[in-house]
Amino acid sequence: MEILDGKKVSNQIKEEITVEVAQMKERGEKVPHLAAVLVGNDGASLTYVGSKVRSCKKIGFESTLIHLPEETTEEELLKQVHQLNNNPDIDGYIVQLPLPKHIDEEKVLMAVDPDKDVDGFHPTNFGKMALDMETFISATPFGIMELLKRYKVETEGKHTVVIGRSHIVGRPISILMSQKGNPGNSTVTLAHSRTKNLKELTLQADIVISALGVPKFLKADMVKDGVTIIDVGITRVPDETREKGYYITGDVDFENVSKKASYITPVPGGVGPMTIAMLLKNTLLARERHNA
């Protein structure tokens, strides 16, 4: 069994980007500039955005955090999005989700300029991804593909079962794994919470990608020997015996499933770090396209 170490690979990617940014500076080019819009004070969002800002500083990017109060109106947020769309200094930006309930997330995401949508959430970018055209791929699926590539996990002709059909992870990764390329060329089954014969499907799978958000859902009796496991889930489980009062786990019963797997991602330290690394990669791509 080999651990697919997302923390290690994400650090490699950041080092590669750092070198590219240094070369841009030497050529007198403008370095990439990533902006993040955060509305309110959601704890997980604050942590995530803070991590992005620190990563930008470390690799030589410029970064801007636009932190708006919880009571910001939809109209005010859309005005901010419009300003970012028209600011030539900003190469890419993200609107951190979830947004407060009084704001229509779809309306906001539709307003983002696809050429600056480094999250890859805009329908234009999703459509280009589905058609295998050059675009911004959503950071988490992009990270999974990069992790499989760098560990040389064989995917061609393999049966991949994706659990979860979200627009952010499940649906795009199912498309990417079926496309021509390496990784890719896989036969994909997209399953979800309503799939009735799920265990039957996962037992056939050479690769299982779980993005369900249910702690320790995937058990050892649901997978075959030699399987590759990509665990996208991350959940805080209350535990009063722990110092923090909780522990973090994924969708997979790691302790038991790892005994049968050939490759497996840990939680934390697997897919999570890759998501931020690929967001930075998308921002670099945006800067390069603007330079071109």
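The largest nonpolar core of this predicted model has 46 residues, and those with the most contacts inside it are Ile-17, Phe-61, Ile-144, Ile-173, Ile-209, Ile-230 and Leu-280. Such a core is a set of buried Ala, Val, Leu, Ile, Met, Phe, Trp, Tyr and Cys residues joined through side-chain atoms within 4.5 Å, where buried means under 20% relative accessible area, with a 1.4 Å probe and protein chains only. The elements that give two or more residues to this core are α1 (6-26), β2 (33-39), α2 (43-59), α6 (139-150), α7 (170-178), β7 (207-210) and α10 (271-291), and the largest share, nine residues, comes from α10. Helices (H or I, at least four residues) and strands (E, at least two) are DSSP runs, numbered from the N terminus.

The protein is divided into domain 1 (28-113) and domain 2 (139-271), with bounds from an automatic or database domain assignment.

Leaving aside neighbours within four places in sequence, Ile-209 is in contact (heavy atoms within 4.5 Å) with residues including Ile-144, Val-161, Ile-173, Met-177 and Ile-230. A second, separate core of 16 residues includes Ala-191, Leu-201, Ala-205 and Met-222.

Residues are numbered from 1 along each chain as its sequence is written. Local features need pLDDT of at least 70 and side-chain atom pairs count only at pLDDT 80 or more, while totals for chains, interfaces and linings use all residues, and side-chain values use heavy atoms, with hydrogens and water left out.

Methods. Buried < 20%, exposed > 50% of the residue type's maximum accessible area, 1.4 Å probe, protein only.
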